[in-house]
Amino acid sequence: MPGDDATGSFGLSDNEKSRLIHRMRRKSSREIHSSYREDFSSLEGDDIPDFSFKDLPGYQDLDIIWRAAGQAGIEYPFFLCHEGIARDTTRINGKTFLNFSTYDYLDLNGSQAVNQAAAQAMQKYGTSASASRLVAGERPVHRELETALANFYGVQDSIVFVSGHATNVWLLCQLFDHHDLVLHDSLIHNSVIMGARFSGAKRMSFAHNNLDHLEEILLHNRRGCKKAVIITEGLFSMDGDIPDLPRLLELKNRYKCLLMVDEAHSLGTLGPTGRGLAEHFGLASDNIDIIMGTLSKTLCACGGFIAGCKELVEYLKYSAPGFVFSVGISPPLAAASLAAINELLNKPYKVTRLQETGRFFLEYARYRGLDTGTSAGAAITPMIVGNSLLAGMISARLVQQCINVLPIVYPAVQENAARLRFFLSAAHNRDQVRQAVDAAAAELVRSREELEL
Ligand SMILES: Cc1ncc(COP(=O)(O)O)c(C=O)c1O
């Protein structure tokens, strides 16, 4: 195990330090582990090395990073245990924290309407759908939720899967193959990348929100592929910025592509009534061929959905492996999401409040000199600090001040884009925003000095 001869700064051996420095300089994992044997073709019998999970290069990376963080006095910031509903404030270890790490954008989780709907569904149907809806049948709440989602976007139908991540994976695997082209924004969510990879389609990424680059790729690669799909997010989960939908529609039409938008973070946050990217631009959502969303954020449950034309939905219902060979969403969760949609429709002022707070957060963070990147000032704003240790240290120190905001470090983002990510909710107020931004700005200066950056 690395570290047996650990000495010197951060308690790391020279070998470990040089690997960490490589990591911090954004070398790829393949480069870092180039000394590891990759060709096993000539090995046989006793020459075949024993396998141990602790020898996995990725595991060793984790070990190095955590020990470096430990030596820098940074406490482990993940898997904090919340003792109640995580809203604008939350209870952790018996203390009340100001909370900027909830996806419950409209502050609906735990609301009476949502809780009651889930409890009634549980009384009536129990907690499980027991098996695949295709073979074992469904409950009324399944179709009610899918109809409500379709109506919400003004499209023909929708299909609900048990996981948001798996929704993207199985959709792409089912719709595209080696004849096809999948083009996605370089900052697209991991679930899209996984689905595109598994599909066997040609996969290319365009620079984040750079539609000139997308057009250049289309110009040289669209021909020769059967179907092509352009995939983007409504509100980007890492940077909090928004793609140019009108131009995407123009490109999609000109190059005969499908357009897919992952609305995981734009549902409830963008557009005057929270209907997402198209509404933000004053357009109809049915301009988008494939609308993907999750139930885990504004809709405060767990699961994912695809909304679009009836042929798309019907095809997926009879073929997508993650639907056909997987259990239906638990009825209480379906009922919770259905109630959350109704709350959103009945209380549009919550969307307005969230948007006002989002704009205020961005303005105030900029005023305090923080690097907020390209954030649009909607529900997500990053504070980019450009170094994973620094991001971890600031987050840990904010935890000491009872402010919960998580660091996003390599490999989730490039090392020079390491950041803290603030999620806002309709429950936050301006005083809470000021308190958090002031504390983060102060810790940025202090931690930079300590790490001599
Ligand atoms: C953009 C995006 N798409 C998909 C997902 C997956 O959704 P879920 O967490 O509901 O599985 C996430 C999760 O955060 C996401 O941010």
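At what angle do helix 9 and helix 10 pack, and how far apart are their axes? In this predicted model, helix 9 (residues 211–221) packs against helix 10 (residues 245–254) at about 5°, and their axes are 11 Å apart. Angles under 35 degrees count as roughly parallel, and helix 9 and helix 10 are therefore roughly parallel to each other. From helix 9, the residues L211, L214, E215 and L218 meet R247, L248 and L251 of helix 10.

A second pair is formed by helix 16 (residues 388–400) and helix 17 (residues 430–451), with an angle of about 130° and axes 9 Å apart. That angle makes helix 16 oblique to helix 17. The crossing of helix 16 and helix 17 is right-handed. On the helix 16 side, L389, L390, M393, I394, R397 and L398 take part; they meet A439, A440, E443, L444, S447, R448 and L451 in helix 17. The contact of helix 16 with helix 17 divides into nine nonpolar, one polar and three charged residues.

| Helix pair | Angle | Axis separation |
|---|---|---|
| Helix 9 and helix 10 | about 5° | 11 Å |
| Helix 16 and helix 17 | about 130° | 9 Å |

As to confidence, the chain has a mean pLDDT of 91, with 92% of its residues at 70 or more. Residues 1–11 have pLDDT below 50, and this stretch has 21 contacts in the model beyond near neighbours in sequence. Over residues 25–32 pLDDT also stays under 50, and the model has nine contacts beyond four places in sequence for them.

How values were computed
Residues numbered from 1 in each chain as written. Predicted model: local features only at pLDDT ≥ 70, side-chain atom pairs only at ≥ 80, totals over all residues. Axes fitted to C-alpha atoms, helices over the stretch in contact; angles between N-to-C directions. Helix = DSSP H or I, 4+ residues; strand = E, 2+ residues; numbered from the N terminus. Parallel < 35°, antiparallel > 145°, perpendicular 65-115°, else oblique. Contact = placed C-beta atoms within 7 Å. pLDDT = per-residue confidence, 0-100. Left-handed = near helix turned anticlockwise from the far one by under 90°. Nonpolar A, V, L, I, M, F, W, Y, C, P; charged D, E, K, R; others polar.
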